Amino acid sequence: MAEEIEILNLLDSPQYLREVSEWIWNQWSKNHGYTLEDVIYRTKHSLSKNSIPAMYIAVYQEEVIGVVSIWRNDLNSRQDLFPWMSTLFVKEKYRNKGVGKKLQAICINNSRKLGYKNLYLITDHENYYEKMGWKFLEKAPLGDGYYTRIYNYELEDNVGFNY
Ligand SMILES: CC(C)(COP(=O)(O)OP(=O)(O)OC[C@H]1O[C@@H](n2cnc3c(N)ncnc32)[C@H](O)[C@@H]1OP(=O)(O)O)[C@@H](O)C(=O)NCCC(=O)NCCS
């Protein structure tokens with residue numbers, strides 16, 4: 001299966017834009033006051049080629065099965081850090097097959113090609129990103145007394161990301 005998964009720039013496959021926006025909305029935005037249309041708007045304005053922001057999708061036999069983004073900012077309290085890998089999501093049926101790793105790889109390799117020295121992410125997961133080579137940096141405030149965990153991937157120290 002892994003060899004048959006294609007990673008595409010969402011800009012080239014707009015037919016999947018609504019479906020991936022629905023996943024993102026359900027997972028992260030709907031309980032924070034955003035409508036699905038708000039998230040579709042953001043997705044439409046987060047696309048580019050050979051630049052950031054960008055969004056990538058995993059496609060298997062014409063079905064979209066995963067999404068990831070490279071954003072300029074994913075954490076208000078750290079305007080000094082960028083770019084950020086965000087919205088990593090794999091459809092439940094296809095989890096634990098390396099799709100998440102493949103989607104990370106495109107972000108890591110493209111950020112390196114663009115000349116960035118580090119890629120960042122925020123997460124509540126523990127022991128997932130560590131396995132992929134990310135390093136825990138520190139906790140950071142989200143507001144309302146909540147905190148998140150910042151990770152970074154050192155792009156200079158790694159020759160390539162294999163998957
Ligand atoms: C997290 C997520 C993207 C992983 O995608 P995936 O395609 O299943 O991941 P991969 O197949 O590339 O990685 C599998 C490996 O990670 C481990 N893993 C998967 N989910 C994990 C989790 N939540 N916590 C810790 N380890 C996890 C697996 O055990 C496996 O380890 P192994 O290679 O040692 O067997 C997917 O579970 C998902 O979409 N979750 C909901 C959205 C989400 O939480 N996204 C991350 C936001 S920061």
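Trainee: Which residues in H2 meet Leu17, Arg18, Val20, Ser21, Glu22, Ile24, Trp25 and Ser29 in H1?

Mentor: This is a predicted model, in which local features need pLDDT of at least 70, side-chain atom pairs count only at pLDDT 80 or more, and totals for chains, interfaces and linings use all residues. Residues are numbered from 1 along each chain as its sequence is written. Helices (H or I, at least four residues) and strands (E, at least two) are DSSP runs numbered from the N terminus, and two residues are in contact if their C-beta atoms, placed from the backbone, lie within 7 Å. The listed residues in H1 meet, in H2, Leu36, Val39, Ile40, Thr43 and Lys44.

Trainee: How many nonpolar residues does the contact of H1 with H2 have?

Mentor: Ala, Val, Leu, Ile, Met, Phe, Trp, Tyr, Cys and Pro count as nonpolar, Asp, Glu, Lys and Arg as charged, and the others, Gly among them, as polar. In the contact of H1 with H2, three residues are polar and three are charged, while the nonpolar residues number seven.

Trainee: At roughly what angle do the axes of H1 and H2 cross?

Mentor: Axes are lines fitted to C-alpha atoms, for helices over the stretch in contact, and angles run from 0 to 180 degrees between N-to-C directions. The axes of H1 (residues 17-29) and H2 (residues 36-44) come within 9 Å, and their crossing angle is roughly 120°.

Trainee: How are H1 and H2 oriented to each other, and is their crossing left-handed or right-handed?

Mentor: Angles under 35 degrees count as roughly parallel, over 145 as roughly antiparallel, 65 to 115 as roughly perpendicular and the rest as oblique. With the axes crossing at roughly 120°, H1 and H2 are therefore oblique. A crossing is left-handed if the near helix is turned anticlockwise from the far one by less than a right angle, and right-handed if clockwise. The orientation is oblique, and the crossing is right-handed.

Trainee: Which residues come nearest to the ligand?

Mentor: A residue is near a molecule or strand if its C-beta atom, placed from the backbone, lies within 6 Å of it. Strand S4 (84-90) and helix H3 (99-113) each supply at least two residues of the shell around the ligand. By class, this shell has five nonpolar, seven polar and four charged residues. Of the 16 residues around the ligand, the nearest are Arg95, Gly100, Lys101, Thr123 and Tyr128.

Trainee: With which residues is Tyr116 in contact, leaving aside its neighbours within four places in sequence?

Mentor: Tyr116 lies in the loop between H3 and strand S5 (118-123). A residue is buried if 20 or more other C-beta atoms, placed from the backbone, lie within 10 Å of its own, exposed if 12 or fewer, and partly exposed in between; Tyr116, with 18, is therefore partly exposed. Its C-alpha atom is separated by 8.5 Å from that of Glu156, 40 residues apart along the chain. Leaving aside neighbours within four places in sequence, the contacts of Tyr116 are Pro83, Ser111 and Leu155.

Trainee: What is omega for the cis peptide bond that joins Phe82 and Pro83?

Mentor: Pro83 has its place in the loop between strand S3 (63-71) and S4. The cis peptide bond joining Phe82 to Pro83 has an omega of about -5°.

Trainee: Is Gln61 buried or exposed?

Mentor: Gln61 is not a glycine, although its phi is positive, about 50°. Its place is in the loop between S2 and S3. Because Gln61 has 9 C-beta neighbours inside 10 Å, it counts as exposed.

Trainee: What separates the C-alpha atoms of Leu114 and Ile52?

Mentor: Leu114 is found in the loop between H3 and S5, and it is partly exposed, with 14 other C-beta atoms within 10 Å. Leu114 and Ile52 are 62 residues apart along the chain, and their C-alpha atoms are separated by 8.9 Å.
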